[in-house]
Amino acid sequence: MGKLRAAQYACSLLGHALQRHGASPELQKQIRQLEGHLSLGRKLLRLGNSADALESAKRAVHLSDVVLRFCITVSHLNRALYFACDNVLWAGKSGLAPRVDQEKWAQRSFRFSTMVPQDICSFLVETSQLLGGPVSPAASHFATLRASHKGTHNTVTFDPIGTISSPSS
């Protein structure tokens, strides 16, 4: 997908340069059409992201660790809902579904893009650990990765034997 985006942006840049330097209108038109086709191709490929996220959630349901199963499944379902809202929004903008309320669906898409189920999952792992409940090394590792991915400075980390440490300790 990254190569398509790069090609699309290269066409945009080339079109702008051709326009500045007085290239023929026919060549400019062809470059704009190519850019449009690349954009449409990218959008069509994005339609499959919801299905992929749902399939990932279905696979995650079978994980043996309860906390990890919950965290990863919720994360994949959140992605699926974001992509579903994004697809409806795209259908409205493209004219395929002209009755779509653009503002409402944009807000829904934004909500799912900003929801961070991983934060909830990290909290569950931390709480389970603090209460003395069993937390598998995999779930602990997941919580640590999520916290470090966000770049927080108050990252609580777990080691597999169940002790808790933080940078201030």
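This is a predicted model: local features need pLDDT of at least 70, side-chain atom pairs count only at pLDDT 80 or more; totals for chains, interfaces and linings use all residues.
Residues are numbered from 1 along each chain as its sequence is written, and side-chain values use heavy atoms, with hydrogens and water left out.

Let me start with the overall layout. The protein has seven helices and two strands, where helices (H or I, at least four residues) and strands (E, at least two) are DSSP runs numbered from the N terminus. If you read along the sequence, the pattern is α-α-α-α-α-α-α-β-β. Of the 169 residues in the protein, 28% are buried, and here buried means under 20% relative accessible area, exposed means over 50%, and partly exposed is in between, with a 1.4 Å probe and protein chains only. Among the contacts with a separation of 6 or more, 53% are between residues 24 or more positions apart, a contact being heavy atoms within 4.5 Å.

How do helix 3 and helix 4 pack? Helix 3, residues 48-60, and helix 4, residues 66-94, pack at an angle of about 165°, and their axes are 8 Å apart; the axes are lines fitted to C-alpha atoms, for helices over the stretch in contact, and the angles run from 0 to 180 degrees between N-to-C directions. That angle makes helix 3 roughly antiparallel to helix 4, since angles over 145 degrees count as roughly antiparallel, under 35 as roughly parallel, 65 to 115 as roughly perpendicular, and the rest as oblique. The crossing of these two helices is left-handed, a term used if the near helix is turned anticlockwise from the far one by less than a right angle, with right-handed used if clockwise.

On the helix 3 side, the contact includes Asp52, Ala57 and Ala60, and on the helix 4 side it includes Thr73, Arg79 and Phe83. The residues of this contact divide into nine nonpolar, six polar and three charged, where Ala, Val, Leu, Ile, Met, Phe, Trp, Tyr, Cys and Pro count as nonpolar, Asp, Glu, Lys and Arg as charged, and the others, Gly among them, as polar. Let us look at Thr73, which has its place in helix 4. Thr73 is buried, with a relative accessible area of 12%, and, not counting residues up to four places away in sequence, Thr73 touches Ala57, Ala60 and Val61.

The second pair is helix 2 with helix 4. These helices pack at an angle of about 140°, with their axes 10 Å apart, and that makes helix 2 oblique to helix 4. Helix 2 passes helix 4 in a left-handed crossing. The residues that meet are Leu40, Lys43, Leu44 and Arg46 in helix 2 and Tyr82, Phe83, Asp86, Asn87 and Trp90 in helix 4, and they divide into five nonpolar, one polar and three charged.

That brings me to the salt bridges. How many salt bridges does a search of the whole structure find? It finds three, a salt bridge being a side-chain nitrogen of Lys or Arg within 4 Å of a carboxyl oxygen of Asp or Glu.

In one of them, the side chains of Asp86 and Arg46 meet at 2.5 Å, N to O. This pair links distant parts of the chain, with Asp86 in helix 4 and Arg46 in helix 2, residues 25-46, and the two are 40 residues apart. Asp86 counts as buried at 16% relative accessibility, whereas Arg46 is partly exposed, with a relative accessible area of 21%.

Another salt bridge joins Arg79 and Asp52, with the closest N and O atoms 3.9 Å apart. Arg79 lies in helix 4 and Asp52 in helix 3, so this pair ties together parts that are 27 residues apart in sequence. Arg79 counts as partly exposed at 32% relative accessibility, and Asp52 counts as partly exposed at 39%.

There is also a salt bridge between Lys58 and Glu55, with the closest N and O atoms 3.1 Å apart. Lys58 and Glu55 are three residues apart in helix 3, and so are separated by about one helical turn. Glu55 counts as partly exposed, at 37% relative accessibility.

I will end with Leu81, which is found in helix 4 and is partly exposed, with a relative accessible area of 42%. Leu81 and Arg108 are 27 residues apart in sequence and 9.1 Å apart in space, C-alpha to C-alpha.
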